[in-house]
Amino acid sequence: DILRVAMQEFSENGLSGARIDEIAAKTRTSKRMIYYYFGDKEGLYTRVLEEAYRHVRGDEADLELDTLDPIEALDRLARFTFHHHRQNPAFIRMVMIENIHHGQYIERSQSIRELNRPAIEKLQSLLARGQRDGVFRPDIDALELHWQISALSFFNVSNRATFSHIFGQSLWADEAHDTLSRHVAAMVLRYVSKLEALARRGDG
């Protein structure tokens, strides 16, 4: 409960603007108890970051991508990432805030690095399966692909306020978001897959 409320507080007000008094008031605890468990505000902020990454990587593990053929697995991963970011804007704001701090709290956290390492390893395994099956190009780098999927999904949340004020809200309707997620997956697949493999599936 403390971590959930703290994420909302930090994601809305940043590290400097968040108040432990406010977090304590919204939970069944006290400011003193929060300091006892987390040390200080920076300790709580770091723990919230760790929990945010633990949540997304846990949900990725539940996708069971190893049970799917490579193209279907990559399609599912790309769509999941898009929808996860949309449904968890506090996570995106936390990442934006941490970038304002030049990633210094993530750098201090061994836990966050360990939590995220399997994401690249699993993507590398997925690429290797697709390459063995002859459906993926041989020159795709897993880390770069992770970056591309993240970038295509991140902007939708991080820039919603500015983009929608300039161009309107049409892209944020549920139906429009479903279309966007399909298009994001299609762009990823067309980059990674051999054209003949997509053509055989009717996706080319």
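Where does UniProt place the feature "DNA-binding region"? The unreviewed entry puts the "DNA-binding region" at residues 19-38. The model discussed here is predicted.

**Annotated spans**
- According to the unreviewed UniProt entry, residues 1-56 carry the feature "domain: HTH tetR-type".
- The span 1-56 is 82% helix and 0% strand, and its end C-alpha atoms lie 18 Å apart.
- Residues 19-38, which the record labels "DNA-binding region", are 70% helix and 0% strand.
- The end C-alpha atoms of residues 19-38 are 14 Å apart.

**Helix α4**
- Helix α4 covers residues 41-61, which makes 21 residues.
- At 1.5 Å a residue, α4 should span 30 Å, and this agrees with the 30 Å between its end C-alpha atoms.
- Asp 40 caps the N-terminal end of α4: one of its side-chain oxygens lies 3.3 Å from the backbone nitrogen of Glu 42.
- An α-helix has 3.6 residues a turn, so residues three or four places apart point the same way.

**Loop residues with positive phi**
- Most residues other than glycine have a negative phi.
- Glu 64 is not a glycine, yet has a positive phi of about 55°.
- Glu 64 sits in the loop between α4 and α5, the latter being residues 70-87.
- Glu 64 counts as exposed because its relative accessibility is 52%, and the cut-off for exposed is over 50%.
- His 102, also not a glycine, has a positive phi of about 60°.
- The loop holding His 102 runs between α6 (89-100) and α7 (104-108).
- With a relative accessible area of 75%, His 102 is exposed.

**Pro 118**
- Pro 118 is part of helix α8, residues 110-132.
- The relative accessible area of Pro 118 is 30%, so Pro 118 is partly exposed.
- Pro 118 and Asn 156 are separated by 38 residues in sequence, and their C-alpha atoms are 25 Å apart in space.

Technical notes:
Residues are numbered from 1 along each chain as its sequence is written. This is a predicted model: local features need pLDDT of at least 70, side-chain atom pairs count only at pLDDT 80 or more; totals for chains, interfaces and linings use all residues. Side-chain values use heavy atoms; hydrogens and water are left out. UniProt positions are given in the numbering used here, feature names are shortened, and annotations may be inferred rather than shown by experiment. Helices (H or I, at least four residues) and strands (E, at least two) are DSSP runs, numbered from the N terminus. Buried means under 20% relative accessible area, exposed over 50%, partly exposed in between (1.4 Å probe, protein chains only). The expected span of a helix is 1.5 Å times one less than its number of residues. A polar contact is a pair of N or O atoms within 3.5 Å; within protein, one must be able to donate a hydrogen and the other to accept it, and residues adjacent in sequence count only if both atoms are side-chain atoms.
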